[in-house]
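Visitor: I would like to learn how to read helices and aromatic contacts in a model. Please show me the structure.

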Amino acid sequence: MTLADGFLREQMPVTADWAYFDHAAVAPLPRPSAIAIQRWLTECVESGDVPWLFWNAQAETCRRLAAEAIGADPAEIALLPNTTAGIGLVAEGFAWEPGDEVLVPANEFPSNLYPWRNLERRGVRLKTLEPGPQGRLDLDQLADAIGPRTRVVSVSWVGFASGFRIDVGAVAKVCHDRGAFFFLDAIQGMGVFPLDVRRDGVDFLAADGHKWMLGPEGAGIFFVRRELLERLAPLNVGWNSVGGAGDFRPGEMRLKESASRYEGGTLNIAGFIGLAASLELLREWGLGTETSDVASRVLRITDFACERLESIGADIFSPREVEREKSGIVSFSLREAVPAEARKKCLDAGVVLSVRDGRLRIAPHAYNDEADVARLIEALRS
């Protein structure tokens, strides 16, 4: 059997034309997700808002599936446009006091830096921690960096440029042992690796669906541990923030007793219909909170790709020696190759990858196979 069987590949129409290795940027939509969105579009064109209750039920299915994927309760999930919106909820809604600190690794994606840096206007200090070799996060250094005024530590599950994957539970324990809350930017891991927010000690989490969850852009999730709901002041309060949201008569403002209080107004209903279909597909592929067949396939295809890349002289930057540090992201360089030019040659050959931090980056999913890798290697040889 190949690394990705026909069942997986037949649900990804992109495979007809492309060897697609860019899931850490934007993923192609699976067939079931496209069908779900096309159905919504047809209904919207032909019937206006008549099917709205059905659409809303599908969005609630997305909430439930997202909760199941990370071991949360649906009441702890808010449906938001993107990861930045989720980080912003904590950055702007937390009860900060002047002199408080946020700790973030220095190599984070800008979405996990700028919202915290923006708090300097409120007297909150952003501390950054320099990563170790290959983008690693050293737990001893993390522990030393957490001070008595550190209120939140925010870390990516997987480094967008390095591919280093943290041990979520270990990082959370370091944070909690020193009195800090733990925010997980999960966008580069959710959809592939198993996670249980209760077991692993996650306080807050955000992830857009358009990468490894194989969803459309503009549809993401935010998790807040139930006990912390009242610690976050809701931002952009609207009709959908209160109990009895369908009753539009003016009355007492009673916020929902769930994370959906942070949604404010109308959802990107088409996006969440598509994301629900993608999450259902990933569950069929074997995504779970304890184990994940999706992760096993992703790691096997990345291991295979690394072997083939090294055979043509590539220098692999991403950590690959320790199993728990591996991810679906592999950054590498080719001697005497200009990354941007190499990427263009790959696109011309039907191979999609990215350039990040001065290196080429591939990010295959569970449906990629050896034939895709062969196309990649042939394109890079040129």
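Predicted model: local features only at pLDDT ≥ 70, side-chain atom pairs only at ≥ 80, totals over all residues.

Visitor: How many residues of H9 are buried?

Guide: Buried means under 20% relative accessible area, exposed over 50%, partly exposed in between (1.4 Å probe, protein chains only). In H9, 14 of 17 residues are buried. Helices are DSSP runs of H or I with at least four residues; strands are runs of E with at least two, and both are numbered from the N terminus. Just after H9, Gly286 has a positive phi of about 115 degrees.

Visitor: Which class does the pair Trp157 and Phe193 fall into?

Guide: Rings of Phe, Tyr and Trp (its six-membered ring) pair if their centres lie within 6.5 Å; planes under 30 degrees apart are stacked, over 60 edge-to-face, the rest tilted. The count is nine aromatic pairs. Trp157 and Phe193 have ring centres 6.4 Å apart and planes at 55 degrees, so this pair is tilted. The two residues are 36 apart in the chain, and both are buried.

Visitor: What sits over the ring of Phe193?

Guide: A charge counts if NZ of Lys or CZ of Arg is within 6 Å of the ring centre and within 35 degrees of the ring normal. The charged end of Arg165 sits over Phe193, 4.0 Å from the ring centre.

Notes
Residues numbered from 1 in each chain as written. Heavy atoms only, no water.
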